[in-house]
Amino acid sequence: MTAVLQVEKTEGYAIITIDNPPMNVISNQVFKELDEVFDGLGADEEVNAVILTGQGEKVFAAGADIKEFPQLIGQTGIQETFLETHAILHRIDQFEKPVIAMLNGLTLGGGCELVLCCDIRIAEEHVQIGLPEITLGLFPGGGGTQRLPRLIGEARAKEMMFTGEPVTAEKAERIGLVNRVVPSGEGMEIAKKMAKRFGRSSMPALRFIKQAVDKGLELPLEEGTSLEAAYFEKVFQTEDAKEGVRAFIEKRKRISKQIGRWRTVAHELAVKVRFSETDALGHISNISYFIYLEEAASSFLKRWDLIWISQNGKSLWPRPNVILSVKAFSISN
């Protein structure tokens, strides 16, 4: 069976593309693959954010696969089947990392319900969003009756579901259904810039923000602030907070976890160019030295790292033997 999702990982974030032509319908297979992909990305320490989009320029996802519906007509005892779909959508909704939906075309029915599970929605200006199930004698059964009113209010949500008429990207932004509208063809670049910024952020802090907001919305204000206080205590126990506060006091840039994981490589370099590992890492944070990560095709790695160190604008190296040493080290690890 051909996969209906494409997954790409780069620069601290992942892009999931629904590729189920011609209309990117949200079939049972799409749901199954979404569940598997999000589960894997949740455990991936190199991914701090996810972009979800559709293949092509005209459709994000045009609803559920109606061809799967005839077998449901007249059936009873199928509530568990629907709850399985809800469980997948709940897991996406509760995914601990930020999820950005980049709407690049029609976003209808199950497609709309899917993006309601995302944290941020960016819509290109030609996009239309709606829940047209009423036109089939049905109603939104993928969480639309619950998530949409919580997002845009009861009256507007009922109007969209009662009429089945889609709204334009401009109106969607006005009523709070999407965060922003961007020119057609520019949505992915904007989503990437946002995801890249999240990718450089502290994962524990991002996770605590998301959990505090999502869980707090279901609580009275006083209980919500108590929940926030509990998470605030936890964030002060993290290495990211320790480094961030120290960097601020020392008036230098924070060393991210992504740079921190190259400590062993820094040691290799220190041996080659005769300065201490501590100095190497310290200067990296002050941009007296810097790390330049270059994408390169490799049968061994999706990414290898060319490291260039300079001081006061003068190149200390690279020396071919050092570059080869670091490349070999990267491949072997």
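Biologist: Which elements do the buried residues of α8 pack against?

Modeller: In this predicted model, the buried residues of α8 pack against α2 (79–93), β5 (99–103), α7 (187–199), α9 (221–235) and α10 (239–249), where contact means heavy atoms within 4.5 Å. Local features need pLDDT of at least 70, and side-chain atom pairs count only at pLDDT 80 or more.

Biologist: Which residues of α8 are called buried?

Modeller: They are M203, P204, L206, F208, K210 and G216; buried means under 20% relative accessible area, exposed over 50%, and partly exposed in between, with a 1.4 Å probe and protein chains only.

Biologist: What span does helix α8 reach from its first C-alpha to its last?

Modeller: Helix α8 (residues 203–216) has 14 residues and reaches 19 Å, close to the 20 Å expected at 1.5 Å a residue, the expected span being 1.5 Å times one less than the number of residues.

Biologist: Why is T107 called buried?

Modeller: T107, in strand β6 (residues 106–108), has a relative accessible area of 0%, and buried requires under 20%, so T107 is buried. Among the residues that T107 touches, not counting those up to four places away in sequence, are F60, V115 and I129.

Biologist: Why is L136 called exposed?

Modeller: L136, in the loop between β8 (128–130) and α4 (144–152), has a relative accessible area of 53%, and exposed requires over 50%, so L136 is exposed.

Methods
Residues numbered from 1 in each chain as written. Heavy atoms only, no water. Helix = DSSP H or I, 4+ residues; strand = E, 2+ residues; numbered from the N terminus.
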